[in-house]
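Colleague: I'm new to reading protein structures. Could you walk me through this one, feature by feature?

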Protein chains: 2
Amino acid sequence: MSKKKIAVVLAGCGVFDGAEIHEATFTMLSVAKQGAYYECFAPNIKQAHVINHITGKEMPETRNVMVEAARISRGKIKPLNDFNSFDFDAVVFPGGFGAAKNLCSFAFDGIDCLVNPDVEKVVKSMVEAGKPIGALCISPVIIAKILGDVTLTIGHDKGTAQALENLGAIHKKTTHGEVIIDEKYKVVTTPCYMLDAKIDQIADGADNIIRIILGMVD
Amino acid sequence: MSKKKIAVVLAGCGVFDGAEIHEATFTMLSVAKQGAYYECFAPNIKQAHVINHITGKEMPETRNVMVEAARISRGKIKPLNDFNSFDFDAVVFPGGFGAAKNLCSFAFDGIDCLVNPDVEKVVKSMVEAGKPIGALCISPVIIAKILGDVTLTIGHDKGTAQALENLGAIHKKTTHGEVIIDEKYKVVTTPCYMLDAKIDQIADGADNIIRIILGMVD
């Protein structure tokens, strides 16, 4: 039997303007530990902005989402428009503000956000293929914006949960490591750092969501 | 009993010009999982250079080691010159080229390298205090340059092992997850990505080295 193949979509490198590094790294670790294979993708676009992670302030720089994401994947990464649902058994979106800044504009525009067209194509093509989609932390907002009536979780942040409901989604409150499964769309979500979490709780969340996703793959 | 405290010294963010992200993240995870507490430090200095992690080419940019390292630690980081051996039970250096470019200049100057003075102070003060020092991947070169006659491992890369011996160190060949302990200096090393490794082997290496280090702490 050939290994199950999981695409991991990265939104840069660093919680405040890119992919959350722990969530991304533990997603990759969980896939490998559980005997599957991962490949990383990112949109080949400019970051929304660059944030100094100590001060929280914007830096007068421009960085590329895919080039920075390659720091997490040790250089091996593909542009997201190369993604083909035929090649993968599932796709996973780790969180971090990059998911809400670079993959869609939720962090700036709320529910009126735009979604990166390649991200939208990935999600829609996986739904069409009947293959699972995982989303950690804030990434479920992307899925809600694209699919509408999907059941998911971002933990228990009231404002974000309300925004998800305003997008037509059904939000389920969760705590550390819990996973919500939408059977219709095969969308699987877990809150990670949307909660005030410790690093080992993030690793547990990643293990849980990847176990469930791999279990959904024939 | 209060929690054991481990300082983690980061050299930036990304394998080719900073701290190796998986090694750094798994070090932090292992400390937390094993019931101890970590705090991250980095020198507040300019990176040696910035590498595009897809092409491997230098980028015409300047970045700060501590500011970039804060991406891995989610913003919580202290300048390395604030480190006091009195406050910690052990110190750990994850690897990545940053260890050999920003913490010392081994990647450019080989055994004639200079070591960042704050890094040297950290290592010497921990040896003086009789407290363990962990080094992953390429980081053992820093320790060899400072201490000389220390027993350690960088896996089985012949050139690097020879350089360590030329610095007065004793090199022990190792494979995935193996840890070498120098009882005299309390220096503990493991090869990680100095070997052609999979991500779950890095997690194992981090778990092993942290378990041994915590076991050495009274």
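Predicted model: local features only at pLDDT ≥ 70, side-chain atom pairs only at ≥ 80, totals over all residues.

Colleague: What holds strands together in a sheet, in general?

Modeller: Strands of a sheet pair through backbone hydrogen bonds, and the pairing is either parallel or antiparallel. Here strand 7 of chain B is also joined to strand 11 (residues 187-190) of chain B, by four bridges, and these two run parallel. Look at B:Ala135 again: in strand 11 of chain B, B:Thr189 stands opposite it.

Colleague: Which way do the residues of strand 7 of chain B point?

Modeller: B:Ile133 and B:Ala135 point one way, while B:Gly134 and B:Leu136 point the other way. All of them are buried.

Colleague: In what order do the strands of the chain B sheet come?

Modeller: The order is 5-2-1-6-7-11-10, in an open sheet of seven strands with mixed pairing. At the edges are strand 5 and strand 10 (180-182) of chain B, each of which pairs on one side only. Further in, strand 1 (residues 5-9) and strand 2 (residues 37-42) of chain B pair in the parallel sense over five bridges. There you can find B:Ala7 opposite B:Glu39 of strand 2.

Colleague: And what is the strand order in chain A?

Modeller: Chain A has an open sheet of seven strands in the order 5-2-1-6-7-11-10, again with mixed pairing. Strand 5 (78-79) and strand 10 (180-182) of chain A each have a single partner strand, so one side of each has no neighbour in the sheet. Strand 1 and strand 2 (residues 37-42) of chain A pair in the parallel sense through five bridges, with A:Ala7 opposite A:Glu39.

Colleague: Is strand 1 of chain A mostly covered or mostly open?

Modeller: Mostly covered: of the five residues in strand 1 (residues 5-9) of chain A, four are buried.

Colleague: Okay, helices next. Where does helix 5 of chain A lie?

Modeller: Helix 5 (residues 117-129) of chain A lies across strand 6 and strand 7 of chain A, and its direction makes an angle of about 140° with strand 6. Those two strands of chain A run parallel and share three bridges, one of the paired spots being A:Phe93 with A:Ala135.

Colleague: How do I describe the way helix 5 and helix 6 of chain A cross?

Modeller: You compare their axes. The axes of helix 5 and helix 6 (residues 140-147) of chain A come within 10 Å and cross at roughly 70°. An angle of 65 to 115 degrees counts as roughly perpendicular, and therefore helix 5 and helix 6 of chain A are roughly perpendicular to each other. The contact residues divide into seven nonpolar, no polar and two charged. On the helix 5 side, A:Val119, A:Glu120, A:Val123, A:Lys124 and A:Val127 take part, and they meet A:Ile142, A:Ile143, A:Ile146 and A:Leu147 of helix 6.

Colleague: How do I read phi?

Modeller: Most residues other than glycine have a negative phi. Phi of B:Arg74 is near 55°, a positive value, and B:Arg74 is in the loop between helix 2 (65-72) and strand 5 (78-79) of chain B. Phi of B:Cys137 is near 65°, also positive, and B:Cys137 is in the loop between strand 7 (133-136) and helix 6 (140-147) of chain B.

Colleague: Are those two buried or partly exposed?

Modeller: B:Arg74 has 25% relative accessibility, so it counts as partly exposed. B:Cys137 has 5%, so it counts as buried.

Colleague: How are the two chains related?

Modeller: Two copies of a chain are related by a rotation about an axis and a shift along it. Here a rotation of 180° with 0.0 Å of shift superposes chain A on chain B, with an RMSD of 0.0 Å. That is the relation of a two-fold axis. Of the interface residues of chain A, 100% are also interface residues in chain B, so the copies meet through the same surface.

Colleague: Which residues of chain A does B:Asp200 touch?

Modeller: B:Asp200 touches A:Leu29, A:Ala32 and A:Lys33. B:Asp200 lies in helix 8 (residues 199-216) of chain B and is buried, with a relative accessible area of 17%.

Conventions:
Residues numbered from 1 in each chain as written. Chains lettered and ligands numbered in written order. Heavy atoms only, no water. Pairing = 2+ DSSP bridges. Contact = heavy atoms within 4.5 Å. Axes fitted to C-alpha atoms, helices over the stretch in contact; angles between N-to-C directions. Least-squares fit on C-alpha atoms with pLDDT ≥ 70 in both. Buried < 20%, exposed > 50% of the residue type's maximum accessible area, 1.4 Å probe, protein only. Parallel < 35°, antiparallel > 145°, perpendicular 65-115°, else oblique. Nonpolar A, V, L, I, M, F, W, Y, C, P; charged D, E, K, R; others polar. Lists of a residue's contacts leave out its neighbours within four places in sequence.
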